Amino acid sequence: MSNVLPFKKPAVKPKGLCQHGFHRWKILQKQKFDVHEGKLITVYECERCGEKKVKAQ
Ligand SMILES: [Zn+2]
């Protein structure tokens with residue numbers, strides 16, 4: 001018997017697509033109030049590389 005797992009997840013996330021600007025944005029915080037901007041913003045995070053961006057409402 002072997003305890004070796006046949007499928008090992010790669011530790012490094014692939015980010016080849018992100019390098020060409022194709023981030024996979026997901027909403028991290030929806031319509032939170034930014035005190036610096038003085039308005040509602042939505043925070044997005046890329047699922048693949050973890051990059052963040054904010055968008056004003
Ligand atoms: Zn990305």
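Student: What should I know about the numbering and the model before starting?
Tutor: Residues are numbered from 1 along each chain as its sequence is written. The model is predicted, and local features need pLDDT of at least 70, side-chain atom pairs count only at pLDDT 80 or more, and totals for chains, interfaces and linings use all residues.

Student: How many helices and strands does the chain have?
Tutor: The chain has zero helices and three strands. Both are DSSP runs numbered from the N terminus, with helices being H or I of at least four residues and strands being E of at least two. From the N terminus on, the elements run β-β-β.

Student: In what order do the strands sit in the sheet?
Tutor: The order is β1-β2-β3 in an open sheet, and the pairing is antiparallel. Two strands count as paired if DSSP finds at least two bridges between them.

Student: Which strands stand at the edges?
Tutor: Those are β1 (25-34) and β3 (52-56). Each has a single partner strand, so one side of each is left without a neighbour in the sheet.

Student: How many bridges join β2 to β3?
Tutor: Five bridges join β2, residues 39-46, to β3. Glutamate 45 stands opposite lysine 52 in β3. The hairpin of these strands has five residues between them, and there glycine 50 takes a positive phi near 85°.

Student: Changing topic, what share of the chain is buried?
Tutor: Buried residues make up 2% of the 57 residues. A residue is buried if 20 or more other C-beta atoms lie within 10 Å of its own, exposed if 12 or fewer, and partly exposed in between, with C-beta atoms placed from the backbone. In β3, the count of buried residues among its five residues is zero.

Student: And why is valine 43 classed as partly exposed?
Tutor: Valine 43, found in strand β2, is partly exposed because 15 other C-beta atoms lie within 10 Å.

Student: Which residues does valine 43 touch?
Tutor: Not counting residues up to four places away in sequence, valine 43 touches Leu28, Gln29, Lys32, Lys52 and Val54. Contact is defined as C-beta atoms, placed from the backbone, lying within 7 Å.

Student: What separates the C-alpha atoms of valine 43 and lysine 53?
Tutor: The separation is 5.9 Å, although valine 43 and lysine 53 are ten residues apart along the chain.

Notes
Two residues are in contact if their C-beta atoms, placed from the backbone, lie within 7 Å.
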